[in-house]
Amino acid sequence: MKRQSRAGQLRCVREHFYRQVINAQADQPLRVLAYSLVPSPRARPDEDWGTLQAEADQRGYAIAARLHDVAVPVTTTYFPASSASQGVYTPPWERPGWREAERQLRAGLADGVLVLDRHNISSDDDEYCAVIKHLGEHCRAFLHLVISEEPVAPT
């Protein structure tokens with residue numbers, strides 16, 4: 001029997017919380033927060049906004065707000081174990097934009113967060129999984145990625 005990859009497991013956890021939100025939702029469009037992590041203070045999330053808006057339109061989501069953070073060092077920074085990460089890393093809960101996203105989710109202003117890929121949240125598998133579970137269990141929200149953790153194999 002083939003063992004499921006970690007990326008596949010993470011996708012399954014993410015999809016589990018998506019289904020929970022869908023099952024609890026009335027026949028209204030899902031409201032999402034568009035979130036982007038830009039590489040420097042001079043970088044603008046405009047290109048991400050276009051991609052996130054196109055994904056929201058395709059999925060029938062309504063964007064409730066656009067939030068972004070800059071990937072800059074803070075007092076408690078570290079290098080994740082993942083080889084995919086580069087430079088100094090700021091955990092999501094240390095970012096003001098992400099904290100605002102969680103606040104809005106807890107207040108019921110949105111049903112989920114829409115991001116380009118998982119690296120906007122975390123490249124570290126354990127941390128990324130903890131964020132997904134926190135959103136689902138404490139905010140009753142889901143995370144939607146434009147680019148999935150693991151491409152679905154053609155059938």
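Colleague: Hi! Which residue in S4 is the bridge partner of Val113?
Modeller: Leu143 is the bridge partner of Val113. The strands here are DSSP E runs of at least two residues, and helices are H or I runs of at least four, numbered from the N terminus. This is a predicted model, where local features need pLDDT of at least 70, side-chain atom pairs count only at pLDDT 80 or more, and totals for chains, interfaces and linings use all residues. Residues are numbered from 1 along each chain as its sequence is written, and side-chain values use heavy atoms, leaving out hydrogens and water.

Colleague: Thanks! How many bridges join S3 and S4?
Modeller: They pair in the parallel sense over 4 bridges; pairing takes at least two DSSP bridges between the strands.

Colleague: And are Gly112 and Leu114 in S3 buried or exposed?
Modeller: Gly112 and Leu114 on one side are buried, and so are Val113 and Val115 on the other. Buried is under 20% relative accessible area, exposed over 50%, and partly exposed in between, using a 1.4 Å probe and protein chains only.

Colleague: Switching topic, how many salt bridges are there?
Modeller: The count is 9, taking a side-chain nitrogen of Lys or Arg within 4 Å of a carboxyl oxygen of Asp or Glu.

Colleague: Which residue meets Arg6 in a salt bridge?
Modeller: That's Asp126, at 3.0 Å from N to O. Asp126 sits in helix H4 and Arg6 in helix H1, so the pair ties together parts 120 residues apart in sequence. Asp126 is exposed at 54% relative accessibility, while Arg6 is partly exposed at 35%.
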